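Have the sequence and the 3D view open as you read.

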Amino acid sequence: MTLNVGWKDLALISPMLVLFFTSLIPITIKVLRGQREQQPLATLIQALSGLVVALGLLIVMGVIAPGTSAFNNSLLFDSITLWMGGIALLGASAAIILMYENPSTQGEQFSELVFLTLSSCLGMMILVSAVDLLTVFIGLEMMSLSLYLMIGMSHEQKLSKEAAFKYFILGSFASAIFLFGMAYIFGTTGTTNILNFIQQASTLVQTNTLFLFGITFVIIGFCFKVSIAPFHAWTPDVYQGAPTPHSAYMATAIKTVSFAAFLRLIATKSLVGSENLFDVLQWLAVITMLVGNVAAILQNNLKRMLAYSSIAHSGYILVGLITAGVSEDGVFGASSVIFYLLSYSLMTMGAFAIVSIMEKNENSSIMVDDLAGFAKNRPVLALCFSAFMLSLAGLPPFLGFFSKFYLFNAAIGEGLIWLAIWGVINSVISVYYYLRPLVVMYMREGDAEIAPRSLTATTVTLVVSAIFVLVLGVVSGPFLSAVEKSFL
Amino acid sequence: MILSTIVFLPLLFALAITLWPNERSLRSLALGFSVIEFLISLTLLQKFDPSTASLQMVEKTMWIPRFGIQYFLGIDGISLWLVLLTTFLTPIIILGSWNSIDKKIKGFHACMFILQTAMLGTFLALDAVLFYVFWELSLIPMYFIVGIWGGARRIYATVKFFIYTMAGSVLMLVAIIYMMYLTQEATGQMSASLLDFYQLKIPFIGKQFFSLQTLLFFAFSLAFAIKVPVFPVHTWLPDAHVEAPTPGSVILAGVMLKMGTYCYLRWVIPLFPEAAEYWAWLFLTLGVIGIIYGAIVAMVQPDIKKLVAYSSVSHMGYILLGLFVFNQYGITGGIYQMLNHGISTGALFLLIGMIYERTHSREISKYGGLASALPIFTIFFFIITLSSIAVPLTNGFVGEFLILMGTYQAAPIYSYFAITGVVLGAAYMLWMFKRVFFGEKGELVKDEHHPLHDLSWREITVLVPMVIMVFWMGLFPNGFLNYSKASIDHLVKNKNSYNLVIFENEKKSEVAFRGDK
């Protein structure tokens, strides 16, 4: 096998190169200054400009050369790369802004943190464009390894260390299972490239048990990353223990790119032939929605509640993934998943930003009851938070309703009515816990304490997401059509 | 543009209220806004052509072309009066809330106007998805109104209200999406327009629950039955009513319950005629059970507000009865009773709110002899009581009479039972009236440290329009019914192949005008 790496390939991966070089800037400066931090604001600006340039290049590449592959077909730059990569970069930018002001991540060691974040962004960019399972693995590991460290680096002393370790151990298991499955696939098809076995996948799952094993293991690896029940157990602990910006980062950017890679695999139509795998995935989606929503009802810790809510949303997204997997072209299903991930990222990022604003020091953990009086002290923020919660619950006219509408629309179009019914029933269950913060904020007396510092950047991020949550839903039609068109 | 103006003006008002800097002038401002809205909505009467059953003043633009979802508003004889009822009640409610809402005034009025937009949108939307958006939107402000300004158990009541109603409507969403795919199958073009839904021929197999039309019928019916509320799913209503602040109760009883019954007429019966006919016995039975059960439970309530809440269950049972006999009298009576119930029960809740502001109690046993202490209040209460028990000359009589006549014509057995509700209704209302207003003075009434003051001018201003409507609607029902007649005729005659066309009069006159030139 000869490797032909040309200028074209380098141009295509220019977003990744930009991310890589930007990630080096803050720590290099720190070394040159004799181990003294530069102004965190400068670090923030460097990181954000890197992300923005990467996003710009991603869009340019997506427009100029849609559907081209690079590095001997191991990276593919198509609409999934473009949209999901875009969502992930936006999520990462918002998370970095949160990190800049959150008490458990700001100040000391900020340049190292930014380095790790951007490295994990680099991993994410590899993951969204990877079509070779081996490349997927590299992206996944690069993303996760940086993340383990990021969580462990928190100024908080106890929970974050536990979270990092737990995430590391369980993540390694998942990676091992993933690799194991990949070996089976390589053994049966002689290739690890999705593009190469895509044609035979649906026959192979029926005829070749080893291939079925392989693909199941790979799917389990992904299920762990996107916290599909019963592989979700790490999520609440890690989200709760990690610094809030990191939880936001995991819930939005990391989840988006993991779903992107998952989507690529499932859209190989491996589900079309295999009744059993198809059934199992459907049940996983149902169980995930139920587990996430029912467990979230019982939570008092706001971050833990959001973690379970994020599990539940993984279940909804899996419905979309299954839809994309069983349909003829999968375009509508995939577009609805992309739109769902965008809206989910906006809402979740906003909700975590509220938590971040409420944290007074690195050790504070925010309970739902702490929100009492929040509406009185911070009416605008409370209004934004209500919008996020109602949107997560899927109530019109917020964005969350429209994304659910498209997702279930796709599912019903493919005849998966019973999954859609499970989805809407779960939306009703979820209303109960999404309303709880609203009850506490507006209907109970109290005096919510907010961080005394002014958190301008976080507030701006929050308000911008709130505006999108309010407006994007109503004007979502053209947006969804644009996503769909980009696939054709 | 008139319909869009009516629907979205309140939203603009809500925004203006939120940005208004001066707390003190806020109430007058809100009142002014709501009166403006009412006056604008009155122009509908002038523009409305009662001779046709087609949709008028239609506004139609593509909203989400991918799914054929339109921004589609229109009005006909069925929705006209409900729109006016909404705009009529809002200023009254705002004026009536001046004492009962004493905190977070800004938030309250903003919620009120958002709610108004949602309710008007529900009545006017003719696109399934647009309708669903408005339908669900109405939950959010109501949730806040009950939860923030309500009584002691307000949080339980409001969460129950929210989850109950939402649980009903999500299955409707699945049904709507499914029907959108059915239109795609039928016409090749996906559409969420109600008019395209009407064209669908959905297969119906009797005696079989799991057939398409029956399932869709129940998915829609459940959502509306919870809102109405029909007997076994009514339990959210007494809680929500008792805990809601006075304005919340008025808007809930006055308009929001009507959203349910209206949607039976607009959606369920014309969309699923065979299923509706086949399952009519179920709804008639539930309606009758609701009438009798609501009345009996109301009779034993120690709390006036709860009594009125259960009386709502009873009255809504009549409306359901009227709708599901599918004849001229029944449906006319049903629509008329929707308006009556809005006026009389709304006024009852206002009156109860007024006495509650004075004594801070709604226990019937603590009252007695109120008639000598508060003569003006007593007069108003008596008139509204008469309207509620449907005494001739009041509005209630017309509606109930028409419904019972329609029921007798179509299914006499139900009317025998329903008629007992009339007697029971008189019994619980008059008994309550006797206990509160006559007899020995109760502990709250004779308390000399806190003498009770009779109604203020503001309160009289609130009640007078309601009383006028009671008699106006009771004496001259034709003035109201003429507007709905064409639409009801059309529905009754073409129930099994229902279709609505868009009224083209304006365009024709335009063409004629150009021709003259």
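Two residues are said to be in contact if their C-beta atoms, placed from the backbone, lie within 7 Å. Keep in mind that this is a predicted model, where local features need pLDDT of at least 70, side-chain atom pairs count only at pLDDT 80 or more, and totals for chains, interfaces and linings use all residues. Residues are numbered from 1 along each chain as its sequence is written, while chains are lettered from A and ligands numbered from 1 in the order in which they are written.

**A loop residue in chain B**

Let's start with B:Q189. Helices (H or I, at least four residues) and strands (E, at least two) are DSSP runs, numbered from the N terminus, and B:Q189 sits in the loop between helix 7 and helix 8 (194–199) of chain B. Leaving aside neighbours within four places in sequence, B:Q189 is in contact with B:G68 and B:Q184.

Is B:Q189 buried or exposed? A residue is buried if 20 or more other C-beta atoms lie within 10 Å of its own, exposed if 12 or fewer, and partly exposed in between, with C-beta atoms placed from the backbone. B:Q189 has 9 other C-beta atoms within 10 Å, so B:Q189 is exposed.

**Where the chains touch**

The contact between the chains takes 27 residues from chain B and 24 residues from chain A. On the side of chain B that touches chain A, strand 1 (56–64), helix 5 (128–137), helix 6 (139–149) and helix 7 (154–187) of chain B each supply at least two residues. Helix 7 of chain B gives the largest share of that side, 14 residues. For the classes, Ala, Val, Leu, Ile, Met, Phe, Trp, Tyr, Cys and Pro count as nonpolar, Asp, Glu, Lys and Arg as charged, and the others, Gly among them, as polar. Sorted that way, this side of chain B has 23 nonpolar, 1 polar and 3 charged residues.

**The core**

A nonpolar core is a set of buried Ala, Val, Leu, Ile, Met, Phe, Trp, Tyr and Cys residues joined through C-beta atoms within 7 Å. The largest one has 394 residues, and A:L127, A:L263, B:I176 and B:V268 touch the most other members. Helix 16 (residues 331–358) of chain A gives the most to this core, with 19 residues. As for B:I176, its contacts beyond four places in sequence are B:A128, B:V129, B:Y132 and B:A192.

**Helix pairs in chain A**

Axes are lines fitted to C-alpha atoms, for helices over the stretch in contact, and angles run from 0 to 180 degrees between N-to-C directions.

| Helices of chain A | Angle | Axes apart |
|---|---|---|
| Helix 10 (residues 209–225) and helix 12 (residues 244–266) | about 155° | 9 Å |
| Helix 11 (residues 234–241) and helix 15 (residues 302–326) | about 140° | 8 Å |
| Helix 15 and helix 20 (residues 417–443) | about 165° | 10 Å |

Angles under 35 degrees count as roughly parallel, over 145 as roughly antiparallel, 65 to 115 as roughly perpendicular and the rest as oblique. Helix 10 and helix 12 of chain A are therefore roughly antiparallel. In that pair, A:V218, A:F222 and A:K225 of helix 10 meet A:S258, A:A261, A:F262 and A:L265 of helix 12. This contact has 5 nonpolar, 1 polar and 1 charged residues.

Helix 15 and helix 20 of chain A meet through A:M305, A:S309, A:A312, A:Y316 and A:V319 on helix 15 and A:L419, A:G423, A:N426, A:S430 and A:Y433 on helix 20.

A:V319 counts as buried because it has 29 C-beta neighbours inside 10 Å. Beyond four places in sequence, A:V319 is in contact with A:A285, A:L407, A:A411, A:L419 and A:G423.

Most residues other than glycine have a negative phi, and most peptide bonds are trans. A cis peptide bond joins A:A229 and A:P230, with omega about 0°, and another joins A:P396 and A:P397, with omega about 5°. A:P230 lies in the loop between helix 10 and helix 11 of chain A. A:N73 is not a glycine, yet has a positive phi of about 65°.
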